[in-house]
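Trainee: I have a new model open. Please walk me through how to read it.

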Amino acid sequence: MHSGAKRLLLVAILVAAVVSHFSAQFNRYYLGVAIDIGINIILAVSLNLINGHTGQFSLGHAGFMAVGGYSTAKFTLTLQPLLPPWAQPLIFTAGLLLGGLTAAFAGLGVGVPTLRLRGDYLAIVTLGFGEIIRVFFQTTEAFGAATGLTGIPNWTNFGWAWGGAALTVFVVGCLVNSTYGRGFIAVHDDEVAAGATGINPVRYKVTAFVIGAFFAGIAGGLYAHHKQFLSPGGFDFMKSIDIVVMVILGGMGRTAGVIIAAVLLTILPEALRGFAEYRMILYSLLIIVLMIARPQGLFAFRRQKN
Amino acid sequence: MNSRHFMNKWYLYLFWPAAGTILFILASTGCNKPVGEGDGGETIKVGEFASLTGKEATFGISSHEGTLLAIEEINAAGGVLGKKLELLTEDTQSKPGEPATVVNKLIARDGAVAILGEVASSRSLEAAPICQQNKIPMISPSSTNPKVTQVGDFIFRVCFTDKFQGDVLANFATKTLKAKTAAIFTDVKSDYSKGLAKYFKDKFSGNGGNISTELDYNGGDKDFKAQLTAIKSANPDCIFVPGYYTDVALICIQSKQLGLNVPLFGGDGWESEKLVEIGKDAVEGQYFSTHFHPDVGSELGRKFVEHYRKRWNGKSPDALAACGYDSALVLADAMKRAGSSEGQKVRDALAATKNFQGVTGVITMNENRDATKSAVILQVKDGKYKFLETVAP
Amino acid sequence: MTEILQQLINGLALGAIYGLIALGYTMVYGVLRFINFAHGDVFMLGAFAGYFLSPLVNRFLPAQSYLGAALVLVLAMAICAGIGVLIEFLAYRPLRRRPKLTVLITAIGVSLFLEYTGQHKSVFGAAPRKFPDLIPDTAWHFGGLVLNTNQVLVFVTTVLLLIALTFIVQKTKMGTAMRAVSFNEQAAALMGVNINSVISFTFGLGSALAGAGGILFAMNYASIDPLMGVQTGLKAFIAAVFGGIGNLPGAALGGLILGVVETFAGGIPGLSNYRDGIAFAILILILLIRPAGLLGKLQTEKV
């Protein structure tokens with residue numbers, strides 16, 4: 001079973017790398033959107049671990065993305081001029097890992113204090129943390145403050161983005177479907193019962209935050225090297241909400257659904273560009289309509305919770 | 001539940017969207033459009049990216065309206081190189097992340113030969129590397145952060161930088177207002193505001209002045225009493241507010257309410273009819289620097305104001321609209337001089353722009369591709385802007 | 001010393017506005033266990049309603065009179081109540097049985113919809129407008145301190161509305177019904193309470209409060225635009241949670257404390273740029289010490 005999954009992961013990464021090799025042939029715009037999709041998949045799947053599988057309502061995911069993005073960017077910006085071009089993939093990998101780790105650390109910082117909180121209170125506190133992180137980057141000159149961080153090299157290509165997405169899906173999927181991972185779902189369904197049966201809800205909640213944040217940090221690093229520019233305004237709670245919408249639309253906890261929702265919600269604003277001034281109005285209407293028409297998410301047809 | 005069944009199934013789910021997306025890329029346009037192809041047809045495609053919705057919509061719309069007016073007038077007069085200019089505008093929603101996508105679209109899919117935009121330096125900074133990498137000239141109408149044109153030699157601006165305006169205002173404070181101390185009240189969310197504040201501070205201190213206190217606000221805030229009370233206690237001779245009129249109007253009102261009776265002054269972000277409309281007598285007697293004024297400007301400036309009012313239902317243009325207008329004019333002029341719309345040629349012509357008469361003044365591109373222009377200082381008198389002095393670079 | 005007292009006045013005035021809007025949030029949450037994200041945007045609509053109503057009212061009543069202002073206020077509240085009931089009927093009622101998160105996302109959708117539609121040039125347009133002076137604003141000076149009539153008005157109105165709300169919730173039949181629904185919706189239905197009308201009434205009342213907040217806010221800060229509800233709504237929401245969500249006096253208290261803290265932080269050079277962050281930091285701190293907010297009651301989870 002696991003070997004089957006591993007094989008699929010390798011195939012996915014290989015395909016991504018191959019496509020990436022030919023990416024100079026493709027239209028830059030569409031390629032850019034495809035990379036955006038890959039990054040959003042990572043964001044959505046990582047948030048899904050926290051919100052969907054473990055049932056913790058987190059509204060501050062953009063904060064983790066910011067931490068990872070700025071860390072990675074600062075790292076590569078400092079090292080790039082010092083090392084030869086062939087070292088670039090190495091610097092990038094190291095940078096991404098650094099971004100992921102700092103974000104994971106931030107996830108720890110958010111997960112631990114919020115253990116006692118439930119539902120709406122948890123939501124507002126995570127939103128608060130996200131905003132505090134944003135304000136931090138907005139006021140710190142070392143990270144460019146309000147102007148932002150410029151000149152980030154354009155290293156994210158299709159391979160990195162989709163390879164990262166495949167890896168995220170693999171890791172999160174394996175985690176949740178393992179025996180250990182059943183604990184996440186137990187905590188989601190009924191925390192007290194889970195505690196009574198020997199599952200430590202604290203450990204699972206914090207783990208969910210840390211792992212979710214780790215991948216969000218990687219997504220942030222990829223994002224930074226795709227847009228070549230980071231600005232604190234891009235990581236406000238509206239960004240967090242964009243990701244939350246993907247998770248909810250996909251059906252909380254349905255990895256497959258969440259992936260498809262991420263793809264759709266990235267393509268949708270692009271498809272609506274022709275409508276310029278009505279675009280956001282239509283987008284918000286679409287959210288309302290989708291929620292009313294199919295509130296369990298577009299793709300939730302399996303697990304019923306009573 | 002059969003987990004094996006479950007798990008295999010969802011890997012397939014990743015596969016299909018991946019396959020689908022790859023097909024989508026391949027199918028849509030397969031190959032990269034040769035960059036800058038947009039004059040193969042009957043029109044010359046000029047791309048514009050602006051914030052038409054979102055937090056800074058009011059500035060983006062102003063800039064866009066100026067640009068559009070210019071393009072329409074150019075076309076009415078016969079176009080450029082025998083062809084009409086086609087303005088392709090994309091909305092960046094005041095959101096970071098959008099300019100990159102949108103400029104990529106304009107260049108790679110729509111075939112724009114040049115890009116106009118943006119008002120906010122941060123969004124210009126995001127788009128500039130893309131234009132530079134594709135060798136497409138980009139003209140920012142009103143981004144004032146020096147870093148923007150430092151991205152590369154294809155990036156230009158038609159406005160002065162924060163440094164120039166900051167110096168102008170510092171000298172104004174020292175010489176005209178005869179202020180020994182000043183308080184600075186900055187919009188911490190705006191890099192324009194922060195940049196202007198920094199250069200003002202440097203010059204004012206250099207002139208022997210003393211900064212009594214420095215406080216910040218967030219653009220979009222409505223209540224400034226907390227900071228203004230602190231400023232009042234510091235007792236400055238004048239207050240420098242390098243922000244936008246949307247906030248400045250309220251700042252003036254509230255400082256009057258608190259009994260702060262020292263002059264307030266700022267930069268071109270103040271210029272808009274809304275300033276007087278909202279601020280009323282609280283803005284009376286205050287000062288700001290900007291690009292032009294009908295009394296000193298040319299006939300061109302006066303005509304611009306008239307045409308703008310006619311085109312946009314009686315609305316008066318603000319500084320951003322005037323800059324947007326000039327960005328289009330400068331581009332068209334460069335194309336005419338280059339005799340072509342090809343990227344490199346237009347870029348060279350743009351760099352050679354000398355003494356071009358725009359509505360915001362006489363524009364010459366210096367070696368940094370910034371416009372060396374004079375600034376004018378205005379004072380609000382009887383609900384109108386009175387011209388005080390011109391400051392040359 | 002003068003500065004500190006002045007900041008206190010500023011803070012209380014600002015806090016009163018947060019409290020007023022927070023009352024609406026907390027009331028809807030108390031009855032329906034639902035955060036109405038669109039509350040801040042109804043607040044914005046209230047301000048715009050006042051903008052358009054004022055010239056109409058001035059045709060019959062002399063400009064800048066207390067009676068005219070009161071009329072504009074009442075009419076705006078009524079309009080907002082209607083809008084609130086409409087939104088509930090169209091967007092939230094179909095989701096009554098669904099998990100709370102679904103409704104939350106829908107509320108976000110409604111909020112975005114109101115904001116972006118308002119920004120469209122055929123509606124309000126993105127540019128800020130000057131809110132007309134409903135009553136003459138005079139400043140009272142004593143010592144070095146300044147107090148404006150508008151500030152006093154907000155404070156007084158917030159207190160009055162708090163009292164009125166508490167009266168409605170505690171002493172009227174509808175109020176009892178609201179409390180019943182907040183304890184247990186199904187049991188209330190079994191007792192013969194018409195859930196639909198209670199919910200509609202709650203929304204209408206909450207939206208009317210938002211509308212009042214909008215008018216009073218615009219009287220104090222005369223620049224209105226379609227996005228004015230975003231920041232203020234968020235702060236008011238923080239105030240509501242901070243004071244204990246579902247608790248009416250808690251919302252008012254939370255608003256006042258938030259206003260004062262924010263004002264004091266804002267007046268300190270070097271700290272003023274962290275203003276937003278500080279508001280959230282206080283919130284997080286309080287919730288860590290008292291997870292249910294200042295005056296809230298901890299819900300024990302039944303197993």
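Trainee: Into which domains is chain B divided?

Mentor: Some ground rules come first. This is a predicted model: local features need pLDDT of at least 70, side-chain atom pairs count only at pLDDT 80 or more, and totals for chains, interfaces and linings use all residues. Residues are numbered from 1 along each chain as its sequence is written, while chains are lettered from A and ligands numbered from 1 in the order in which they are written. Domain bounds come from an automatic or database domain assignment. Chain B has domain 1 (43-160 + 298-373) and domain 2 (163-290). Their C-alpha centres lie 28 Å apart.

Trainee: How many residues does each domain of chain B give to the contact?

Mentor: Two residues are in contact if their C-beta atoms, placed from the backbone, lie within 7 Å. Domain 1 of chain B gives eleven residues and domain 2 of chain B gives 13.

Trainee: How many helices and strands are in chain A?

Mentor: Helices (H or I, at least four residues) and strands (E, at least two) are DSSP runs, numbered from the N terminus. Chain A has twelve helices and zero strands.

Trainee: Why is α10(A) described as largely enclosed?

Mentor: A residue is buried if 20 or more other C-beta atoms lie within 10 Å of its own, exposed if 12 or fewer, and partly exposed in between; C-beta atoms are placed from the backbone. Eleven of the 13 residues of α10(A) are buried, so the rest of the structure largely encloses this helix. Among them are A:Phe237 and A:Leu249. The packing partners of these buried residues include α5 (119-139) of chain A and α4 (100-119) of chain C.

Trainee: What comes just after α10(A)?

Mentor: A:Gly251, with a positive phi of about 90 degrees.
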